[in-house]
Amino acid sequence: MIKKIVLLTTLFAATYIGHAQRIDSVAVYILQQTSYTLQDLESCRFIAHSSYDAWNDELGYIKQTNKEEVSITFPNLFAVNAIGDKGHKELIYDGKQFTAYSYVRNQYAQLDYTGTVIQAIDTLNKNYTIEFPGADFFYPSFVSDVLNTGGSLAYLGIIEVNGQPCFHIAGKDQAGTGFQFWISNDNLFLPIRMTLVYQTDKGQPQYEVTFSNWELNPVNVSTLYQFVTPPGAQKIKMNSTNNPIK
């Protein structure tokens, strides 16, 4: 596990790239430590509380919420139990097959797939618009992805999130998306909160997720990643517009 950070005053110098991009070296250092922690894990569990703006043709943006209990065993197992405004759903990947199940509709869809957790998340997002809470942090390229947006990144100090001191980092990419990260002020540098604001979109819709109940390297029982078909459940074909969790 990484050593505990000591932020010396000499670290608070910013690095400038080009004329428009301002990158704070402290912000980069903190995010790198987050990435080191998550890349070093064999397994983890956490809870993600998210809120996001969903468009309604009559009322405009409507705030919706979700609570997701996430379990991951690397390199190729994950399970997500989600309850929110769109109902109760379950996502399971056992390394060979992905299953999406809706408790409300008692419907499920399955997709044969072999790959790592990150590869599965990437495929499901690109081909089926399925979102995974906190996925960005788990990518090995997380820090370089942030730096390659061509925008700015700044360290804003330490504030509390739900009573926990956190490093506050903010940035904006060239496409006009503003983002903020709150990272735990300890030797683990775990993600505690993230927000996205699509500033160039009409109404500037927002997405926010708060992470809690982190468990690092727990023993996740194998049955957690096994889908057992509920009585009377209907199997449907999964595609980008028709899957049980939409």
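Which residues of the largest nonpolar core touch the most other members? The model is predicted; local features need pLDDT of at least 70, side-chain atom pairs count only at pLDDT 80 or more, and totals for chains, interfaces and linings use all residues. Residues are numbered from 1 along each chain as its sequence is written, and side-chain values use heavy atoms, without hydrogens and water.

**View 1. The largest nonpolar core holds 52 residues.** Phe 46, Ile 72, Phe 78, Phe 98, Leu 153 and Phe 181 touch the most other members. Such a core is a set of buried Ala, Val, Leu, Ile, Met, Phe, Trp, Tyr and Cys residues joined through side-chain atoms within 4.5 Å. Buried means under 20% relative accessible area (1.4 Å probe, protein chains only). Apart from this core lies another, of 8 residues, including Leu 77 and Tyr 225.

View 2. The relative accessible area of Ser 51 is 17%, so Ser 51 counts as buried. Beyond four places in sequence, its contacts (heavy atoms within 4.5 Å) are Lys 63, Gln 64, Thr 65, Gln 206, Tyr 207 and Glu 208.

**View 3. Strand β12 pairs with β11 and β13.** Pairing requires at least two DSSP bridges between strands. β11 (residues 177-184) runs antiparallel to β12, with 7 bridges. Phe 181 has Met 194 as its bridge partner. In the hairpin turn, Phe 189 has a positive phi of about 55°. β13 (residues 206-216) is also antiparallel to β12, through 5 bridges. Arg 193 stands opposite Thr 210. In β12, 6 of 8 residues are buried.

Notes. Buried means under 20% relative accessible area, exposed over 50%, partly exposed in between (1.4 Å probe, protein chains only). Helices (H or I, at least four residues) and strands (E, at least two) are DSSP runs, numbered from the N terminus.
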